[in-house]
Amino acid sequence: MKSAIFMEPGKVTVEDLAKPTLKAPDDVIIHVVRTCVCGSDLWAYRGLEPKAAHSENSGHEAIGIVESVGEAITTVQPGDFVIAPFTHGCGHCAACLAGFDGDCQNHDDNFSDGVQAEYIRFQHGDWALIKIPGQPADYSDAMLNSLLSLADVMATGYHAARVAHVKTGDTVVVVGDGAVGLCGVIAAELRGAKRIIAMSRHADRQQLALSFGATDIIAERGDEAIAKVMTLTNQAGADAVLECVGTELSTETALKAARPGAIVGRVGLPHEPKMDMSASFYNNTAIAGGPASVTTYDKQVLLKAVLDGDIQPGKVFTKRFKLDDIDAAYQAMTAREAIKALIVID
């Protein structure tokens, strides 16, 4: 089968590898229909975090068709169309029961990797996989993209809003205009926020944020951005802030944008060396977040919202590629020519 391979910073290629096989009773082999490149994949590609040369790709989002299942699998069968989340919760540990399956306590291999491929071995698939009604041919191209977003970015954006306790009538600031930040706008609107302030410097992302429910756009950064937040909120600050980048500046901005007593929902993969907690202490700012509860949100809220047409998160995929062109997909995101790069498997 074809699979993307990370060669070195700035270079990803495709090689012919052995097709995965069942290794554990709760394994599922999936023929990938669509996958994509995530913003978190770019950290190694840009040389900003270590990754072994000539190693498995870091892709972790897919939809596809079940090809075979281990003997412990009871919820899906060959031929089923499924969402393959980047997390692999068990569904019955304390963390999963509390709705934090991104931190499943029964699995030490809780995260997907190597998903930019024709076939994948999905571990612990009995509870974690989400069955989609019907087959890919039953859905429009746009709907397939929205279903793919449920493997990570839409659920991650929703996680930021959930842990920040976004509720009806809130004013929310979203820091980050990548796919996760834009899905955070969708999530804030879905949870009833009355005002959604999206921070974005790029016209295409600003327009998409507005179409998703943003009421205001702030293009500035740093202290200028905070000054605008305060002007828009009568000097109060936001009721909730969604931090969807993971840099030192984005985290600092998120904390400063919050009113006293607000919660910052933090889902940007952290890359700052340290975090000064003193300001949040004196402002009574709570900080929550981490890996998203993909399966929980998809089963409880998001799959229905997509199928009913209430949300269209698939719009974050602004360029498409074949697997053979995987490096061009990484390059398009690195150059900000694509918000999120879609990979369609033949």
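The buried residues of helix α6 are A179, V180, G181, L182, C183, G184, V185, I186, A187 and A188, where buried means under 20% relative accessible area with a 1.4 Å probe and protein chains only. The model is predicted, so local features need pLDDT of at least 70 and side-chain atom pairs pLDDT 80 or more, while totals for chains, interfaces and linings use all residues. Residues are numbered from 1 along each chain as its sequence is written, and side-chain values use heavy atoms, without hydrogens and water.

With 10 of its 12 residues buried, α6 is largely enclosed by the rest of the structure. Its cover includes α5 (153–163), β9 (171–175), β10 (195–199), α7, β12 (238–243) and β16 (340–344). Helices here are DSSP runs of H or I with at least four residues, and strands are E runs of at least two, numbered from the N terminus. From first C-alpha to last, α6 reaches 16 Å, close to the 16 Å expected, the expected span being 1.5 Å times one less than the number of residues.

One of the covering elements, α7 (residues 203–212), packs on α6 (residues 179–190) at an angle of about 15 degrees, with the axes 9 Å apart. That makes α6 roughly parallel to α7, a term for angles under 35 degrees. On the α6 side, L182, V185, I186 and E189 meet R205, L208, A209 and F212 of α7; contact means heavy atoms within 4.5 Å. By class, this contact has six nonpolar, no polar and two charged residues. An α-helix has 3.6 residues a turn, so residues three or four places apart point the same way.

Just after α6, G192 takes a positive phi of about 100 degrees.

Conventions. Axes are lines fitted to C-alpha atoms, for helices over the stretch in contact, and angles run from 0 to 180 degrees between N-to-C directions. Angles under 35 degrees count as roughly parallel, over 145 as roughly antiparallel, 65 to 115 as roughly perpendicular and the rest as oblique. Ala, Val, Leu, Ile, Met, Phe, Trp, Tyr, Cys and Pro count as nonpolar, Asp, Glu, Lys and Arg as charged, and the others, Gly among them, as polar. Buried means under 20% relative accessible area, exposed over 50%, partly exposed in between (1.4 Å probe, protein chains only).
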